Amino acid sequence: MFTRQTYAGVRSALAVPHATSAARSRAFAAGAAMQSSPRAPTLADITPDSAASFHKKQQAFRDSLVAAQKQKEQQEKEARAREQENTKKKGGALSSLIYGTPEGRELDMDIERSFSQVLARGKYVHSIVFHEVKPDKVDEYVELVGNWYPKMAAIPENKVHLVGSWRTEVGDCNTFVHIWEYQRYEGYHQSLHNIQSHADFPAFNAKLKDLIESKKTSLMQEFSFWPTTAPRQLGGLFELRSYTLHPGNLLEWETHWRRGLKARREVMEGVGAWFVQIGDLNTVHHLWQFANLEERKIRREQSWSVEGWGETVHKTVPLIQTMKSNIMIPCSWSPVS
């Protein structure tokens with residue numbers, strides 16, 4: 001399983017050139033370059049023969065994660081070696097009594113890393129925004145948002161990263177979904193303040209209100225075992241699966257999916273998983289990426305042959321009140337596409 005730090009390393013490598021050094025540590029690119037006239041994405045953009053290209057890009061992306069993980073492990077190994085050398089110089093025999101054996105210190109570091117991964121859940125806050133767009137206003141909406149969102153994400157002072165933007169093609173049609181990432185709730189407040197203080201915001205907001213039927217926002221946190229992916233352009237389509245759980249079952253859901261994701265990742269490409277803290281409570285969102293609908297069918301069927309997946313389904317189904325699935329196509333400016 002790749003850690004949060006691994007994904008952060010990949011994000012750093014993919015950061016936009018003009019980003020500040022601080023932003024690079026967790027930077028999402030402003031997306032595929034802003035176009036002068038963004039076009040509304042459709043399911044017709046996906047071709048039946050797209051699987052080979054998707055799998056090639058998928059493998060390249062996963063290879064980059066492996067390389068980043070190996071680099072991180074090497075850096076940790078070198079840091080431990082330096083620490084042990086300094087300890088020998090300072091404490092001699094006494095240090096062995098104080099700090100324990102090398103094996104003991106290694107175990108302590110493993111425990112510390114485990115706790116760090118759990119606590120990292122609180123480092124980022126994500127918002128998921130649903131815009132139900134008027135059917136005859138889709139093109140105007142895409143042009144308006146396609147220029148405004150990347151512009152706001154590219155300003156470091158706004159302290160916000162756009163994870164992605166998608167148009168729903170099967171399910172809640174004419175609904176656009178946007179996921180944003182903030183540095184804790186302080187970053188969320190700062191981002192809203194900065195963006196709404198922008199000189200062009202009143203005009204943008206007034207125009208947006210004319211183009212949409214409704215807007216719904218929830219604030220979420222990602223599951224610690226499933227960090228949100230770094231920017232990538234694999235192509236294909238996305239499936240947003242949303243589950244409303246019976247109250248009090250979130251921890252049990254996390255426990256089972258921590259095991260289940262390992263099985264699923266062998267045949268499917270996950271984007272991220274979040275649980276709502278403010279908004280639609282007891283709701284969990286999982287986002288997946290596939291080459292096309294046929295590949296989605298094949299991959300989901302293959303999951304049942306992977307050890308552990310059947311048990312995950314058996315354990316989690318009783319926890320669910322309702323569930324829904326939406327097939328989405330990424331917008332041209334979406335960093336994850």
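In what order do the eight strands close into a barrel? The order is β1-β3-β2-β8-β5-β7-β6-β4, and the pairing is antiparallel. Helices (H or I, at least four residues) and strands (E, at least two) are DSSP runs, numbered from the N terminus, and two strands pair if DSSP finds at least two bridges between them. On average, neighbouring strands of this sheet are turned by 35 degrees against each other, direction ignored; axes here are lines fitted to C-alpha atoms, for helices over the stretch in contact, and angles run from 0 to 180 degrees between N-to-C directions.

Before going further, a word on what you are looking at: this is a predicted model, in which local features need pLDDT of at least 70, side-chain atom pairs count only at pLDDT 80 or more, and totals for chains, interfaces and linings use all residues. Residues are numbered from 1 along each chain as its sequence is written, and side-chain values use heavy atoms, with hydrogens and water left out.

Let us walk along some of the strand pairs. Strands β2 (residues 160–170) and β8 (residues 320–330) are antiparallel partners over four bridges, and Arg-167 has Ile-329 of β8 as its bridge partner. Two helices pack on the sheet. Helix α8 (residues 201–211) touches β1 (124–133) and β4 (212–222), and its direction makes about 110 degrees with that of β4; contact means heavy atoms within 4.5 Å. Helix α10 (residues 293–303) touches β5 (237–245), β7 (283–290) and β8, with its direction at about 50 degrees to that of β5.

On a 1 Å grid over the protein atoms alone, a cavity is a set of points where a 1.4 Å probe fits but cannot get out, while a pocket is an open set with protein on both sides within 12 Å along at least five of seven lines; lining residues have an atom within 4 Å of a point. Grid points are joined across faces, edges and corners, and a volume is the space filled by probe spheres set on the points.

The largest pocket has a volume of about 440 Å³. It is lined by 21 residues, of which Tyr-149, Leu-192, Gln-196, Phe-201 and Lys-215 are the closest to its centre. At least two lining residues come from each of β1, α6 (138–153), β3 (175–183), α7 (184–196), α8 and β4. By class, this lining has 13 nonpolar, six polar and two charged residues; Ala, Val, Leu, Ile, Met, Phe, Trp, Tyr, Cys and Pro count as nonpolar, Asp, Glu, Lys and Arg as charged, and the others, Gly among them, as polar.

The whole structure also holds two cavities of 30 Å³ or more. The second largest cavity, with a volume of about 30 Å³, has a lining that includes Phe-130, Asp-172, Leu-240 and Met-328.

Finally, how far can you trust the picture? The mean pLDDT of the chain is 80, and 75% of its residues reach 70 or more; pLDDT is the predictor's confidence in each residue, from 0 to 100. Over residues 93–100 the pLDDT is below 50, and this stretch has five contacts beyond near neighbours in sequence.
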